Amino acid sequence: MSFPELLLLAFGVSMDAFSVAICKGLAVQDVKPRQATIVGAYFGGFQILMPLLGFFLGTFIAGFIQAIDHWVIFGILGYLGVEMIREALHPEACPTGDFDARTMLPLAIATSIDAFAVGIAFAMMQVHLAVALGMIGLCTFAFSFLGVYIGHFFGERWQKPAGIVGGAILIGIGVRVLVTHLMQNL
């Protein structure tokens with residue numbers, strides 16, 4: 001993957017966390033930098049950890065599915081993109097304004113499940129893992145940190161578009177991988 005594609009992927013994957021961070025900001029009366037940092041650290045940290053775990057699993061299974069890896073990547077990213085768009089169009093209730101580990105850990109895991117699947121796809125692609133993980137983590141931290149403030153000051157207006165754009169990016173990358181592979185084999 002090229003640097004611009006990795007950046008787009010990092011942007012797309014971070015949109016779930018951004019949406020939840022907006023909700024966290026909506027639930028807080030007085031936002032403090034410490035709260036935004038906690039949200040960014042949890043979400044950014046798990047967005048690094050989960051693709052790493054997915055990469056290890058993907059490395060294990062890549063040899064078995066090498067002939068259809070482009071379809072697997074397309075399926076994973078396409079499914080995740082559609083789910084992100086669906087969730088953006090039908091949002092659940094926003095999480096509470098608590099920032100303790102009991103509240104943040106499940107949110108961090110939930111917003112990084114898609115990153116786990118992206119890690120599986122990474123194992124089947126030519127990607128510099130450290131750069132990809134760093135970009136995903138940094139992008140997610142930044143969007144989550146800002147999301148708390150955006151949610152507090154601007155409300156729900158940004159939540160739906162973030163999910164739709166993130167989902168569309170993931171679908172687009174999946175389509176590009178599939179089309180590129182199919183065109184190479186013509």
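**View 1. Charged side chains of the chain.** In this predicted model, the chain carries 8 positive and 11 negative side chains. Lys and Arg count as positive, Asp and Glu as negative, while His and the chain ends are not counted. The centres of the two sets are 7 Å apart, with each charge placed at NZ of Lys, CZ of Arg, CG of Asp or CD of Glu.

**View 2. The helices.** How many helices and strands does the chain have? There are six helices and zero strands; these are DSSP runs numbered from the N terminus, H or I of at least four residues for helices and E of at least two for strands.

**View 3. The largest nonpolar core.** This core holds 52 residues, and L9, F43 and F122 have the most contacts inside it. A nonpolar core joins buried Ala, Val, Leu, Ile, Met, Phe, Trp, Tyr and Cys residues through side-chain atoms within 4.5 Å. Buried means under 20% relative accessible area, with a 1.4 Å probe and protein chains only. Among the elements giving two or more residues are α2 (33–65) and α4 (101–122), and α1 gives the largest share, 10 residues. Across the whole chain, buried residues make up 49% of the 186.

**View 4. Around F122.** Which residues touch F122, leaving aside neighbours within four places in sequence? They are M1, L6, L9, F55, V127, L129, A132 and I136, where contact means heavy atoms within 4.5 Å.

**Notes.** Residues are numbered from 1 along each chain as its sequence is written, and side-chain values use heavy atoms, leaving out hydrogens and water. Local features need pLDDT of at least 70 and side-chain atom pairs count only at pLDDT 80 or more, while totals for chains, interfaces and linings use all residues.

Notes: Buried < 20%, exposed > 50% of the residue type's maximum accessible area, 1.4 Å probe, protein only.
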